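I opened this notebook to record what I looked up in one structure.

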Amino acid sequence: MERVTTILSIQSHVAYGHAGNSAAVFPLQRMGVETWPVLTVNFSNHTGYGSWRGPLIEARDVRDVVHGIDERGQLSQVDALLSGYQGGEEIGAVVLEAAALVKQRNPRALYCCDPVMGDVGRGFYCRPGIPEFMRDRVVPAADVMTPNLFELEFLTGRTINGVTAAVEAAQELRSRGPRTVLVTSVTDAGQNTDVMRMVAVGEQGAWQVETPLIEQAFTGSGDVTTATFLAHLLTTGSVPDALSATGSIVYSLLRATHELGRSELALVAAQDSFVNPPHRFQASRLA
C-alpha cells in the first residue's frame with residue numbers, strides 16, 4: 001500500500017465556524033492527507049464574533065498530547081508539522097519543541113508556520129511578544145512560512161510596495177531560515193487591483209498566481225491557504241505546482257462561499273473544490 005502523506009497540525013479549534021484546525025483539517029483530509037489535530041484552544045466560535053466561550057489549552061497539555069503520539073511510535077510517520085496562530089510564547093515554545101521532535105523521528109519532515117500576527121489596516125492582533133518570538137525564534141526553525149504582506153514587512157523590517165519588493169523580502173526571509181516562503185495578499189499599485197495575488201519563492205525561483213478579487217473577507221481562509229499549499233508541496237515537491245493548486249482551490253472555495261451567501265467558509269458544501277476545483281489558475285514565473 002502506498003504511504004499516505006501525514007501532517008501533525010497544532011492549532012486552535014472552534015466548534016462553530018472555521019478557524020485554525022477547524023479550517024485546515026477537513027480540507028487536508030478531503031485531499032487525502034492523514035491529519036492529526038492537536039488543539040491549542042477549544043472555543044465555541046472564532047474571536048471575530050467579539051465573544052466566545054471555551055478553554056485555552058495549557059501549554060503542558062499540548063506538549064502531553066504530542067508526547068502521547070510519540071509514545072505510540074508514530075511521529076516517524078509525520079511528513080510535516082503545521083502551526084498557525086499562537087496564543088502565547090509558551091505555546092510557541094511547545095510548537096518548536098514538537099517540530100524538533102518530529103524532525104528527530106523523521107529527518108525529512110518539514111515545519112510549516114503560518115506566522116499569524118496581524119494584517120494591513122488592522123495592525124497587530126496577537127499578544128505582545130509574539131511578533132518578536134516569530135521573528136527571532138520561529139524564522140530560523142521553519143522550513144516553510146506563509147506570511148501575509150504585513151507580517152512579511154515586520155519579519156524582514158522592510159516596506160513592501162509591490163510584487164518585486166515582496167519577492168526580495170521573501171528571499172531575505174529565506175536567507176534566515178525557511179527554504180520556501182508563500183506570501184499572501186500581495187498588492188501592487190502598478191498592477192491590476194481587481195485580483196487576489198499570492199507569491200511563492202523557493203530554491204528554484206519565484207512565482208505568482210492571480211485570481212479574481214472577491215470582495216468579502218472570510219475568517220479561516222488563511223488557514224486553508226497554508227494547509228493547501230503545504231499539502232501540495234509535500235505531494236508534488238514543486239513550488240509552482242503547489243501555488244497553482246492553492247490559487248485554484250482557495251478561489252473556488254471562496255467563490256462558492258460568497259455565492260451561497262455564507263459568512264463562514266462553506267467547507268462541506270464546496271468540498272469537491274479541494275480535489276477538483278472548478279476554477280483553475282496557473283502560476284507564472286517571476287524570477
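I worked from a predicted model, in which local features need pLDDT of at least 70, side-chain atom pairs count only at pLDDT 80 or more, and totals for chains, interfaces and linings use all residues. Residues are numbered from 1 along each chain as its sequence is written, and side-chain values use heavy atoms, with hydrogens and water left out.

**Fold.** I found eight helices and 11 strands, taken as DSSP runs (H or I, at least four residues; E, at least two) numbered from the N terminus. The radius of gyration is 18 Å, close to the 19 Å of the globule rule for 287 residues, so the protein is as compact as a globular protein of that length. I note that this radius is taken over C-alpha atoms, and that the rule is 2.2 Å times the number of residues to the power 0.38.

**Burial.** I read 56% of the 287 residues as buried (under 20% relative accessible area; exposed is over 50%, partly exposed in between; 1.4 Å probe, protein chains only).

**Salt bridges.** I counted 10, each a side-chain nitrogen of Lys or Arg within 4 Å of a carboxyl oxygen of Asp or Glu. D272 pairs with R30, with closest N and O atoms 2.9 Å apart. D272 lies in the loop between helix 8 and strand 11 and R30 in helix 1, so the pair ties together parts 242 residues apart in sequence.

I also looked up R197 and E210, which meet at 3.0 Å, N to O. R197 is buried at 2% relative accessible area, whereas E210 is partly exposed at 31%.
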